[in-house]
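Welcome! Please take a moment to look over the sequence and the model, and then we can walk through them together.

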Amino acid sequence: MGAKLIAGNSNPKLAQAVASHLGVSLVDAIISRFSDGEIRVQINESMRAEDVFVLQSLCSPVNDHLMELLLILDALKRASAKSITAVIPYFAYARQDRKDRPRVPISARLVADLITTAGAHRVIVVDLHSPQIQGFFNIPVDNLFALNVIYDYLKDKVDPEKVVIVSPDAGGVERARRLANKLGCNIAIIYKRRPEPGVAEVFDLVGNVEGKETIILDDIIDTAGTVVAASQLLLSKGARSVKVCATHGVLSGPAIDRIKTAPIEEVIITDTIPLKDDSCDKIKVVSIANLLAEAIRRVQEGESVSSLFI
């Protein structure tokens, strides 16, 4: 592959895995801090007329990693790179995608504007919390789905006759339907409301889970309040067991402790965000490195990326 791949500090293991799949080495770059805390970026290779891909997850500390990405993009723009693609496995601020209360920002739009202004010509993301965020950009956006990665992990481990895929809210029904169709399972839907950020109040279940093994499918596990409440509801409705699958394991605050004590057998997440606390043996991480590498290769070689959206 003729393109260059540069990585920020947010997810070095994923970056190395993507580089390995592509058969390239990561660009030699310094991304560090000055003594006063300002971020220092210096690229030690010529970028003139190169197609460059920048891999950076906007995970905790979110604002540091966002600033790193913006400075890398600016450095590449000023180094006369031919094209610059921001590969953002986890796109922060995506849950702040609308003005749902008076006097609040649309933070996802602001982040999109910053990335574009900094110099990105294209963006690759994985499972945007709200697909309409693609419309916040005035540049091409490829929103990849991690569903095939999760399916590959599950396909030999489930009996379609005994398993029900569960959407934890109405917004995730399409995601659950796709996985259920691939596995040949039925689906169920949990209706809930969120009285305040980070707090989920589960209401009721649509669908039959009695005597079934259930798999909750979500895009993000943050504080784990939703999946814990959902697992308790499913068991109260007669489910035999509960597993959870999600693309982005934010796992902030009490999440790990909640998962440890919850009636959940297994939590499967991808490595869009590095797992910083491996003390919970219920959590299984599957890699999206091959998915990202294939998307990068197709963009570089001018091939269709649309099949990766399914």
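What share of the contacts in the protein with a separation of 6 or more is accounted for by residues 24 or more positions apart? The answer is 61%, where contact means heavy atoms within 4.5 Å. Before going further, please note that this is a predicted model, in which local features need pLDDT of at least 70, side-chain atom pairs count only at pLDDT 80 or more, and totals for chains, interfaces and linings use all residues. Residues are numbered from 1 along each chain as its sequence is written, and side-chain values use heavy atoms, with hydrogens and water left out.

Let us begin with the overall picture. The protein has 8 helices and 14 strands; these are DSSP runs numbered from the N terminus, with helices being H or I of at least four residues and strands E of at least two. Its radius of gyration is 20 Å, close to the 19 Å that the globule rule gives for 310 residues, so the protein is as compact as a globular protein of that length. That radius is taken over C-alpha atoms, and the rule is 2.2 Å times the number of residues to the power 0.38. Along the principal axes, the C-alpha atoms fill a box of roughly 60 × 45 × 35 Å. Of the 310 residues, 49% are buried (buried is under 20% relative accessible area, exposed over 50%, partly exposed in between, with a 1.4 Å probe and protein chains only).

Now find Asp 97, in the loop between β5 (83-88) and α3 (107-118). Is Asp 97 buried or exposed? With a relative accessibility of 7%, Asp 97 counts as buried. Leaving out residues up to four places away in sequence, Asp 97 touches Ile 106, Ala 108, Ser 130, Gln 132, Ile 133 and Phe 136. Pro 131 is 34 residues from Asp 97 along the chain, and their C-alpha atoms are separated by 10.0 Å.

In general, an α-helix has 3.6 residues a turn, so residues three or four places apart point the same way. Just after α5, Gly 184 takes a positive phi of about 80°.

Charged pairs come next. The whole structure holds 18 salt bridges, each a side-chain nitrogen of Lys or Arg within 4 Å of a carboxyl oxygen of Asp or Glu. One of them joins Lys 4 and Glu 45, whose closest N and O atoms are 3.6 Å apart. This pair links distant parts of the chain, 41 residues apart: Lys 4 is in strand β1 (residues 4-7), and Glu 45 is in the loop between β3 (39-43) and β4 (51-55).

Another salt bridge joins Asp 142 and Arg 122, with 2.8 Å between the closest N and O atoms. Asp 142 lies in strand β7 (residues 141-144) and Arg 122 in strand β6 (residues 122-126), so the pair ties together parts that are 20 residues apart in sequence. Asp 142 counts as buried at 6% relative accessibility, whereas Arg 122 is partly exposed at 25%.

Finally, look towards Glu 294, Arg 297, Arg 298, Glu 301 and Glu 303, which are linked in a network of salt bridges. Within this group, the side chains of Arg 297 and Glu 303 meet at 3.2 Å, N to O.
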